[in-house]
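Here is a friendly tour of one protein model, with a look at its helices, its charged pairs and its nonpolar surface. Have the viewer ready and follow along.

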Amino acid sequence: MDTLALLGQGLLTASQPIYLFYALLGVTLGTAVGVLPGIGPALTVALLLPVTYQLDATGSLIMFAGIYYGGMYGGSTTSILLNTPGESASIITALEGNAMARKGRGGPALATAAIGSFIAGLIATLALAFLAPLIVSFALSFGPAEYFALMVLAFVTVSAAFGDSALRGLTALALGLTLGLIGIDLQTGQARLAFGVPNLLDGIEVTTLAVALFAIGEALVVAGAGTRVPATIEAVRGSVWMTREDWKRSWKPWLRGTAIGFPIGAMPAGGAEIGTFLSYTTEKSLTKHPEEFGKGAIEGVAGPEAANNASAAGTLVPLLTLGLPTSATAAIMLAAFQQFGLQPGPLLFVTSPQLVWGLVASLLIANLMLVILNLPLIGLWVKLLTIPRHWLYAGILVFATLGCIGANPSSVELGMLLAFGILGYFLRRFGYPIAPVVVGLILGPMAEQQLRRALAISQGDPAVLVTSPLALTLFGLAILALVVPMILRARGRGKVLAQLAADED
């Protein structure tokens, strides 16, 4: 009953007119950026970090969560009508969704995606509300050694999960950890790696790094890629409403997709892409219409889209309860919390319960807003695809620069924005993931502090890190999180090579 009471208080908070406005703004922006290929929720939240610097913390975080949910919704529109996923988690939706659109059934495909996302988001948000207090009560028993082990798990999972190479992910993480060393050492008061520049004594601003890597870097990559031939957009012919048969074939995939997506989103090294793929393969194996798969099976849209949105709520479980980001957007949201002087984790539920439960309750409201926005405004979202890319990314560059200068008016900050933007370009150019750099900068100083506390308590004995069963378990999970993706990638490459060899024969 305590959880229900707290959720009820959160609904009262989230129902205030100003927070309803923030939620509406977030889901609208999120849907728009989800529709536009290449501009995901992580980039949008990063762009808005400096703009919301002096705004209300609860409202800003509600808006960011709305952007995250909206981005997951919006990605399905381009997947179905354009065969170009706006978000990586919507890749699977394009397989069956675009086939349906080419057969003149784009309306029911968009409808099952929107309704499935609503149902999955609703169930997953309630699961988040009831699961979070249990994890918080468990996490309150953590000491410095356990927290350091948890940080190591976060580092490894983020590095191993993002990108195609664990080595590149770890290299990007090392870069972020090095940036986290810049500034005054909290233990000794000595300046580190500041090179005599006063602006660096407070360390690298997470906002500046996030905006530069995600927004400036992406704009430079798009500029370097040149012009591309625009894809043809499939028109939505006929009614957008689903038939009775469509409902009959969709409701079970919605529930199964939710059951698959939520726990995978909550796992370290999870991610929405894995959940959508598993949901698709599950529906393909259970369907009574196997001949339709690959040609426009509605189950292949309903299940993955439900898994996609359930994973978004699942991602917030480790972020809010442990301060552990499992996606690029979660890493930027972690930076947003820190911008307002908040540290996600078990103590956040004690120190800022109104904010946490208002945020969780706002997700229920955001889900309702999204299903109302998506179906009637499909035509408007599709028109966003006609915006010329050079205008779009020029606007992003201007907005990013003005936002950063507004938050921290300094020529040094502007120089760092440009330098990190160029760094973001080269990281993308050579296939290095971006999220580990941001996570390294955010969590690096915290991991160092917990390590030094653990060593101080044990009078310098490093065995303290492995004497705790919980810490030892977390270190074991970190090793598994590093090794398992490497094995899976190696097996995947082996299958591809075997297939190529068979084709040559």
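## Getting our bearings

Helices here are DSSP runs of H or I with at least four residues, numbered from the N terminus. With that in hand, note that this is a predicted model.

## A helix inside the fold

Take helix α15 to begin with, which covers residues 353-374. The helix has 22 residues and reaches 31 Å from its first C-alpha to its last, close to the 32 Å expected at 1.5 Å a residue.

How many residues of α15 are buried? The count is 18 of the 22, so α15 is largely enclosed by the rest of the structure.

Now to the charged side chains. The structure holds six salt bridges. In one of them, the side chains of R452 and D185 meet at 3.1 Å, N to O. This pair links distant parts of the chain, 267 residues apart: R452 sits in helix α19 (residues 435-457), while D185 belongs to the loop between β1 (183-184) and β2 (191-192). The two partners can be told apart by their cover: D185 counts as buried at 8% relative accessibility, and R452 is partly exposed, with a relative accessible area of 27%.

R452 also forms a salt bridge with E448, at 2.9 Å from N to O. E448 and R452 both lie in helix α19, four residues apart, or about one turn of the helix. Through shared partners, salt bridges join D185, R192, E448 and R452 into one network. As for the helix geometry, an α-helix has 3.6 residues a turn, so residues three or four places apart point the same way.

## A bridge between α9 and α18

Another salt bridge brings together the side chains of E218 and R428, again 3.1 Å from N to O. E218 lies in helix α9 (residues 206-225) and R428 in helix α18 (residues 411-429), so the pair ties together parts that are 210 residues apart in sequence. E218 counts as buried at 15% relative accessibility, whereas R428, at 23%, counts as partly exposed.

L4, L122, I123, L126, F130, W251 and L255 make a nonpolar patch of about 600 Å². Which helices each supply at least two residues of the patch? They are α6 (106-139) and α10 (244-266), with α6 giving the largest share, four residues.

Note on methods:
Residues numbered from 1 in each chain as written. Predicted model: local features only at pLDDT ≥ 70, side-chain atom pairs only at ≥ 80, totals over all residues. Heavy atoms only, no water. Expected span 1.5 Å × (residues − 1). Buried < 20%, exposed > 50% of the residue type's maximum accessible area, 1.4 Å probe, protein only. Salt bridge = Lys/Arg side-chain N within 4 Å of Asp/Glu carboxyl O. Patch = residues over 30% accessible without salt bridge, like charges linked within 9 Å, V, L, I, M, F, W, Y side chains within 5 Å. Areas by Shrake-Rupley, 256 points an atom, 1.4 Å probe, with all protein chains shown as cover.
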